[in-house]
Amino acid sequence: MKDLIDWLLSVDWLNFAGVFATVIALGLSLHFWRRQFRPIITAMVETHHGGNEAIAYDLVILNSGSIPAKNIKLFISDQTALEAALGAGANDENKGLWLACFDPSRVIRLLHNGARTSCSFGLTHRDPRQSFWIAQAEFPIEIEYESWFGKKYPREVNVLQIADSDSFTGGMWGPPKTLAVSRRS
């Protein structure tokens, strides 16, 4: 017992605490580095072109992570929510065109960090019979992908909203009006 007490008194506890704190800091640094050193893939609906009759949309896939992503696949997460988001103009031909991105054979092979890719994604129309989507509708999708080094990330849920991305409130500035003011008063 005396040897244990002598040993405890002889240990330089300040140096021991310093080494311990360094090991903890290194572990935390590695943990957060691993969380940041990865691709982060998200999807959103963006306005391709809007007018007074219709708004055409694109589905945009973005890699905001720090390394490239590969083998990106999109899946419908809730078929019922998708069906509820479709408008009266969603016929089989249009579904084949604008929902092709969810086909299991469609894979984005490589998307560099900071890069984006897109595809046409339907439209909303003033006449509901011609509208592929119901305005402001939402439905969840899942995104599956791998890092550049082959690490697979589990399917992540992303909710898409069919909305004009040029204005989140629906109001926008029009062209400025010029006022003809007479200088002869």
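Buried here means under 20% relative accessible area, with exposed over 50% and partly exposed in between, using a 1.4 Å probe and protein chains only. Strands are DSSP runs of E with at least two residues, helices are runs of H or I with at least four, and both are numbered from the N terminus.

A word on the source: this is a predicted model, in which local features need pLDDT of at least 70 and side-chain atom pairs count only at pLDDT 80 or more, while totals for chains, interfaces and linings use all residues. Residues are numbered from 1 along each chain as its sequence is written, and side-chain values use heavy atoms, with hydrogens and water left out.

Now the overall layout. The protein has four helices and seven strands, and from the N terminus on the order is α-α-β-β-β-α-α-β-β-β-β. Of its 185 residues, 32% are buried. Taking contacts (heavy atoms within 4.5 Å) with a separation of 6 or more, 69% are between residues 24 or more positions apart.

Which strands does strand 6 pair with, where pairing needs at least two DSSP bridges? Strand 3 is joined to strand 6 by six bridges, running antiparallel, and Ala69 has Ser147 of strand 6 as its bridge partner. Strand 7 is also antiparallel to strand 6, with eight bridges between them; there, Pro140 stands opposite Val159. Strands 6 and 7 form a hairpin with four residues between them, and Gly150 in the turn has a positive phi of about 100°.

On to the core. A nonpolar core is a set of buried Ala, Val, Leu, Ile, Met, Phe, Trp, Tyr and Cys residues joined through side-chain atoms within 4.5 Å. The largest one has 31 residues, and those touching the most other members are Leu59, Phe102, Phe121, Trp133, Phe139 and Leu160. At least two residues each come from strand 1 (41-50), strand 2 (54-63), strand 3 (69-76), helix 3 (79-85), strand 6 (138-147) and strand 7 (152-161).

How many aromatic pairs are there? Rings of Phe, Tyr and Trp (its six-membered ring) pair if their centres lie within 6.5 Å, and planes under 30 degrees apart count as stacked, over 60 as edge-to-face and the rest as tilted. The count comes to seven. One of them is Trp133 with Phe139, stacked at 5.4 Å centre to centre and 15° between the planes, and both residues are buried. Another stacked pair is Tyr145 with Tyr153, at 5.2 Å and 25°. Tyr145 is buried at 1% relative accessible area, and Tyr153 is buried at 10%. Trp98, Phe102, Phe121, Phe132, Trp133 and Phe139 form one aromatic cluster.

Leaving aside residues up to four places away in sequence, Trp133 touches, among others, Tyr57, Leu82, Leu99, Phe121 and Ile162.

Let me finish with Ser131, in the loop between strand 5 (116-125) and strand 6. Is Ser131 buried or exposed? Ser131 counts as buried because its relative accessibility is 5%. Its side chain reaches the backbone oxygen of Trp133 at 2.5 Å. With residues up to four places away in sequence set aside, the residues that Ser131 touches include Gly87, Ala90, Leu123 and His125.

Notes:
A polar contact is a pair of N or O atoms within 3.5 Å; within protein, one must be able to donate a hydrogen and the other to accept it, and residues adjacent in sequence count only if both atoms are side-chain atoms. Two strands pair if DSSP finds at least two bridges between them.
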